[in-house]
Amino acid sequence: GLVIDGRTLAYALEPTLEDKFIALAKRCRSVLCCRSTPLQKSMVVKLVRDKLKAMTLAIGDGANDVSMIQVADVGVGISGQEGMQAVMASDFAIPRFRHLEKLLLVHGHWCYSRLANMVLYFFYKNAMFVALLFWYQFYCGFSGSSMVDQWYLIFFNLLFSSLPQLITGVLDKDVPAEVLIAVPQLYKSGQ
């Protein structure tokens with residue numbers, strides 16, 4: 001592990017030492033930056049995101065964590081005694097730190113699964129609609145006439161673009177939450 005304080009971090013974040021700091025941090029299983037300023041927190045997150053091309057997650061519970069949460073790809077705010085500034089700036093909000101495991105392992109896995117299915121569904125829906133329009137053009141002699149009334153198009157998109165997301169978002173849970181918590185390796189298969 002690497003434990004670095006705010007004063008030392010100021011030197012490590014200088015442009016000439018950034019690469020050495022990242023190389024050292026990559027060799028550690030955990031890196032702890034203590035007594036650092038909000039600007040330093042955001043600079044560390046930005047450095048990791050830009051140099052390692054990694055997706056970053058920032059977790060904070062107060063106003064001093066807002067800049068770090070905003071720089072990260074995914075920000076999680078914990079509503080705590082310091083106020084709601086971190087929650088207001090975050091992508092996800094949780095009441096206690098102990099809920100982070102469920103947010104990542106359960107809801108993260110379900111989100112990956114739902115997004116993958118929805119991308120495939122929209123590709124199929126749009127491909128079928130365009131194929132139908134293309135096929136219709138052979139029968140009308142490429143005259144440019146409309147195949148269906150505009151109201152049918154509106155109802156088609158309303159029916160096939162909104163209802164599947166609602167149903168999928170509410171009902172689609174490929175693996176129960178208890179199994180996802182018990183076997184955290186399932187999160188990686190979703191990616």
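## Basis

Numbering starts from 1 along each chain as its sequence is written, and side-chain values use heavy atoms, with hydrogens and water left out. Because the model is predicted, local features need pLDDT of at least 70 and side-chain atom pairs count only at pLDDT 80 or more, while totals for chains, interfaces and linings use all residues.

## Helix 2 and helix 3

Contact here means heavy atoms within 4.5 Å. On the helix 2 side the contact involves Glu18, Asp19, Phe21, Ile22 and Lys26, which meet Leu47, Val48, Lys51 and Leu52 of helix 3. Five of these residues are nonpolar, four are charged and none is polar.

## Ser42

Helix 3 also holds Ser42. With a relative accessibility of 8%, Ser42 counts as buried (under 20% relative accessible area, 1.4 Å probe, protein chains only).

The Ser42 side chain reaches the backbone oxygen of Leu39 at 2.8 Å. Apart from neighbours within four places in sequence, Ser42 contacts Ser67, Met68 and Val71.

## Annotated domain

An unreviewed UniProt entry lists residues 87-191 as "domain: P-type ATPase C-terminal"; such annotations may be inferred rather than shown by experiment. Over residues 87-191 the chain is 72% helix and 3% strand (E, at least two residues). The end C-alpha atoms of residues 87-191 are 26 Å apart.

Key: Helix = DSSP H or I, 4+ residues; strand = E, 2+ residues; numbered from the N terminus. Nonpolar A, V, L, I, M, F, W, Y, C, P; charged D, E, K, R; others polar. Buried < 20%, exposed > 50% of the residue type's maximum accessible area, 1.4 Å probe, protein only. Polar contact = N/O pair within 3.5 Å; in protein donor to acceptor, adjacent residues only side chain to side chain.
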